[in-house]
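These are my notebook entries on a two-chain model. I looked up confidence, fold, the contact between the chains, and salt bridges.

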Amino acid sequence: MRTTGWLLILVCAGLLRVRAQEGGKGGATTAVLAQEQAWSDAESRNDTGALEQIFDNALVFIEDGRLATKGECLARVPLAGSHPRQIVAAATAVHFFGSAAVVVGTYHELAVKDGKASPKAWRFIDTWVNKQGRWMLVAAGASPLPK
Amino acid sequence: MEHVSAQAYTIKDPKALAAILDDGFVCVTSEGKVLSKAEVLADVRTYTALQILTESMLVHLHGDTAIVSGIFRTKGVEHGKPYTRRERFVDTWIYKNGQWVSVTTMVSFAGD
């Protein structure tokens with residue numbers, strides 16, 4: 001899913017409507033989606049401590065063509081609230097490959113800047129790796145959807 | 001493998017790509033489209049790229065999973081007009097049955 005600072009995440013109801021791409025992965029699907037939700041919740045609370053537990057130290061994050069490391073993602077969190085955003089994630093699927101899980105979906109963002117609301121839609125793809133029983137976010141990216 | 005993959009796209013070789021892409025491969029394009037392996041293989045012959053160069057590649061290993069990020073610089077001709085694109089990518093590779101296979105590619109027009 002998505003990070004970047006200064007955001008207000010209201011709903012991630014779409015995460016519940018998920019298709020697991022492999023049979024017998026229900027528990028793992030639930031665990032991965034719980035991490036996606038925890039990420040959203042931590043962003044909405046500007047909780048860098050929680051985000052630090054979710055992001056792998058080697059996290060690679062790309063949004064709108066820009067690359068950010070874990071440190072850069074965390075550094076943006078204190079700016080939260082200066083330009084509030086609403087994000088609604090939907091149409092999500094989870095794919096499993098060995099110890100990795102890939103979540104694909106869309107999210108719709110409403111950013112307010114200088115009193116102007118700017119809606120944007122994104123396709124995201126997140127890669128999680130199970131490390132010692134815990135799903136860690138190792139890569140995430142999003143491309144804007146055509147208007 | 002990234003260079004092999006770029007070469008396979010450049011020479012429009014679906015066989016070579018089929019060997020690199022996992023059957024569950026998922027691609028998110030710069031336009032936000034989701035493509036499966038079958039869709040990539042079906043479309044590869046229509047790709048307009050004449051040259052794909054990779055730069056600034058970084059690899060992070062997580063057990064049997066590798067995350068590769070970098071930049072594609074693509075040159076091609078579309079509708080008779082030459083173009084150059086610079087796109088940032090992040091790929092996920094899995095070590096499976098003794099070889100690395102690509103399971104995801106995410107591409108976004110480079111913003112920096």
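Entry 1: the interface. I take buried area as the accessible area (1.4 Å probe) that two parts lose on being put together, summed over both. I note at the outset that the model is predicted. On that basis I find that chain A and chain B bury about 2,100 Å² between them. Carbon and sulfur atoms account for 68% of this area. I then looked up the residues that take part: chain A brings 28 residues to the contact, and chain B brings 29 residues.

Entry 2: polar links across the interface. I asked how many salt bridges the rule finds between chain A and chain B. The number is 0. For polar contacts I find 8 residue pairs between chain A and chain B, with both partners at pLDDT 80 or more.

I next looked up which elements of chain A supply the side that touches chain B. Those giving two or more residues are strands E2 (55–63), E3 (66–68), E4 (85–97), E5 (100–113), E6 (116–131) and E7 (134–144) of chain A. The most comes from E7(A), which gives 6 residues. By residue class, I record this side of chain A as 16 nonpolar, 7 polar and 5 charged.

Entry 3: chain A as a whole. I count 3 helices and 7 strands in the secondary structure of chain A. Along the sequence, I read their order as β-α-α-β-β-α-β-β-β-β. Of the 147 residues in chain A, 50% are buried. I also looked up the sequence range of its contacts: among those between residues at least 6 apart in sequence, 59% join residues at least 24 apart.

Entry 4: confidence in chain A. I find an average pLDDT of 79 for chain A, with 76% of the residues scoring at least 70. I marked residues 4–14 of chain A, where pLDDT stays under 50. For this segment the model has 45 contacts beyond four places in sequence.

Entry 5: salt bridges. I asked how many salt bridges the rule gives over all chains. The count comes to 5.

In one pair, the side chains of B:Lys96 and B:Asp22 form a salt bridge, with an N to O distance of 2.5 Å. I place B:Lys96 in strand E5 (residues 81–96) of chain B and B:Asp22 in strand E1 (residues 21–28) of chain B, so that the pair links distant parts of the chain, 74 residues apart. I looked up the accessibility of both partners: B:Asp22 is buried because its relative accessible area is 8%, under the 20% cut-off. B:Lys96, at 38% relative accessibility, counts as partly exposed.

In another pair, B:Glu55 and B:Arg73 form a salt bridge whose closest N and O atoms are 3.0 Å apart. I find B:Glu55 partly exposed at 25% relative accessibility, and B:Arg73 partly exposed at 30%.

I also examined B:Arg85 and B:Glu78, which form a salt bridge with the closest N and O atoms 3.2 Å apart.

Note on methods. Residues are numbered from 1 along each chain as its sequence is written. Chains are lettered from A and ligands numbered from 1 in the order in which they are written. Side-chain values use heavy atoms; hydrogens and water are left out. pLDDT is the predictor's confidence in each residue, from 0 to 100. Contact means heavy atoms within 4.5 Å. A salt bridge is a side-chain nitrogen of Lys or Arg within 4 Å of a carboxyl oxygen of Asp or Glu. Helices (H or I, at least four residues) and strands (E, at least two) are DSSP runs, numbered from the N terminus. Buried means under 20% relative accessible area, exposed over 50%, partly exposed in between (1.4 Å probe, protein chains only). A polar contact is a pair of N or O atoms within 3.5 Å; within protein, one must be able to donate a hydrogen and the other to accept it, and residues adjacent in sequence count only if both atoms are side-chain atoms. Ala, Val, Leu, Ile, Met, Phe, Trp, Tyr, Cys and Pro count as nonpolar, Asp, Glu, Lys and Arg as charged, and the others, Gly among them, as polar.
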